[in-house]
Amino acid sequence: MRNHDILIVGAGLAGIRAAVAAAPDLDVAIVSKVHPVRSHSVAAQGGINAALHPNDSWESHAFDTTKGSGYLGDQDAIEVMCQEGPADILELERLGAIFSRNEQGQIAQRPFGGAGYPRTCYAADRTGHSLLHAMYEQLLKKGVFVYEEWYVLSLIVEDKVCRGVVAMDVRRGELHAIGAKAVIFATGGYGRVYSSSTNAAINTGDGMSMAFRAGTPLMDMEFVQFHPTTLRETGILITEGARGEGGYLLNTLGERFMGRYDSQRMELATRDFVSRCEQQEIEEGRGVDGCVLLDLRHLGRKKILERLPQIRELAISFVGVDPIESPIPVRPGAHYSMGGIRTNAWCETELAGFYAAGECACVSVHGANRLGGNSLLETIVFGRRAGLRATDYARRIKTSPVSPAVLRAAQEKIDRLLKRTSGERIGPLREEVGAAMTEHLGIFRTRKRMEGALEKIREVRKRYENIYLEDRGKIFNAELTNALELGSLIDLAETIVVGAIGREESRGSHYRQDFPNRNDAQWLKHTLIYGSDSGPRIDFTPVTITRFPVPV
Ligand SMILES: Cc1cc2nc3c(=O)[nH]c(=O)nc-3n(C[C@H](O)[C@H](O)[C@H](O)COP(=O)(O)OP(=O)(O)OC[C@H]3O[C@@H](n4cnc5c(N)ncnc54)[C@H](O)[C@@H]3O)c2cc1C
């Protein structure tokens, strides 16, 4: 059996940062269902926040993050992220990450929504590409063993301690138990639970689902970020950097409508708010073909080519619009999971030996709404912390062999699925989950609509028990991995809906038309979703408040 001191699942920014931070004398390995540089971090566009300028401060960053989170973010974790962020950015630079520069040759920073100071560092509109490639070089330099194109199916938990994972070598279709003293999940988000999303097809929230199935609670799952500017039809992201550089949002009357909603912050209000304003414009008949328009023309050719080249290419390729000449049709779209595996500020979960960092975790620095640029920062700061803390733990723990029964049970499950010759195909089930979530768990929510979605998801779950696959082969069986991913999506859809029905107030990205106000007296608390025999069970835990009391 394979064994390591630390096993990291996920080779995006959080996972690689954890691997690079782990002690060099330990045996560290990383697993990814795709080649590491195809992890979704590579697609990040607009930038990464840190208070680098002498006129800015980590305290201001922490305040903006807390306020933007609807005061639901845990302030101990927010302080850690904002305080440690600047050094982490400089470390990335030393490790070879390329950043755009200002005229003085320093790392350039642009304004982002909800930020009181321009503190978003960027590499044009390809920031994730620059960071992930630089970190991947470090991973190779460190000689970390990479299980490339291995799909992790479940955590191995014995005597309430995490002892490794069961994983499939996708290239050969073989299952393996991989033992580890410490396991770190850095498995990214679940954007694909919605039928239209800015996320890649691989973002199916597998890690969150596996943790949930292993008994670890998911926190604040009702908070799903809808990004204000995604392309018509495809839902591809147009970075907030486009508004940071000065882009306007227009309605069909040619009006900069944000002036009516927030005349101070205009297009750079927080994402939850801008998305709601856009949706209201569209629903009240001032949209353009179900969209609003993002106008960049006044920025001029030079600035667009220099700072937003990828955005221009995407708009030309996917909607046939050159933003130098015409406004881009955009609409709000599912983008980011604020909720996830509950951890503390050292990325520890409730399960000994099991850590989580990055988008799959809820540490919680984003609370009810994430500020743009804070997610990349979270991956870097908490990825590093997870690597350090797992190192300490792995040094104290002795390896004990994993029972062979774990692997046998997983193999039997896969064999049963591959042997079934009739039943339902997975494609329609996935579409039905995505459609129910898009229709009923969008920007505006009501109990009645969400209960309809829950009923649909539970019906799909039953039908999922009876799926069958056309492809029974072993080598690169994508239908099999898609079927496993569908299982994750169903779990997560259900936890999102249960959390959203449970929270009877409006806060950040969770807007209830039947409870339109924020209710701090009753709801300044996190939701926790645990698995149980009768379906997900909801519980609550207090928010950590340190320096920013909730205004009354
Ligand atoms: C289009 C887009 C643009 C964005 N731009 C920005 C931005 O400018 N600034 C910002 O702060 N944030 C941005 N975000 C958010 C940010 O990019 C992500 O939250 C962040 O990169 C997530 O990193 P991660 O390391 O947690 O996960 P990911 O980079 O998503 O990596 C997940 C890893 O887990 C692996 N994995 C998952 N499941 C399994 C499994 N079952 N078995 C094995 N491996 C598995 C995957 O292979 C992958 O390696 C953007 C998001 C999108 C969608």
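In the hairpin formed by β7 and β8, with two residues between the strands, Asp159 adopts a positive phi near 50°. The model is a predicted one, so to speak of local features takes a pLDDT of at least 70 and side-chain atom pairs count only at 80 or more, while totals for chains, interfaces and linings use all residues. Numbering starts from 1 along each chain as its sequence is written, and side-chain values rest on heavy atoms, with hydrogens and water left out.

Strands here are DSSP runs of E with at least two residues, and helices are runs of H or I with at least four, both numbered from the N terminus. Strand β7 (residues 150–158) is largely enclosed by the rest of the structure, because seven of its nine residues are buried (under 20% relative accessible area, 1.4 Å probe, protein chains only). Eight bridges link β7 to β8 (residues 161–169) in the antiparallel sense; strands count as paired if DSSP finds at least two bridges between them. Within this pair, Ile156 sits opposite Gly164 of β8.

Then there is an open, antiparallel sheet of three strands, in the order β3-β5-β4. Its edges are β3 (48–49) and β4 (109–110), each with a single partner strand, so one side of each has no neighbour in the sheet. β3 and β5 (residues 120–121) run antiparallel and are joined by two bridges, with Asn49 partnered by Thr120 in β5.

As for helix α2 (residues 58–68), its buried residues include Trp58, His61, Ala62 and Asp64. Among the elements covering the buried residues of α2 are β3, α3 (75–94) and α11 (374–396). After α2 comes Gly70, with a positive phi near 65°.

Terms used:
Buried < 20%, exposed > 50% of the residue type's maximum accessible area, 1.4 Å probe, protein only. Contact = heavy atoms within 4.5 Å.
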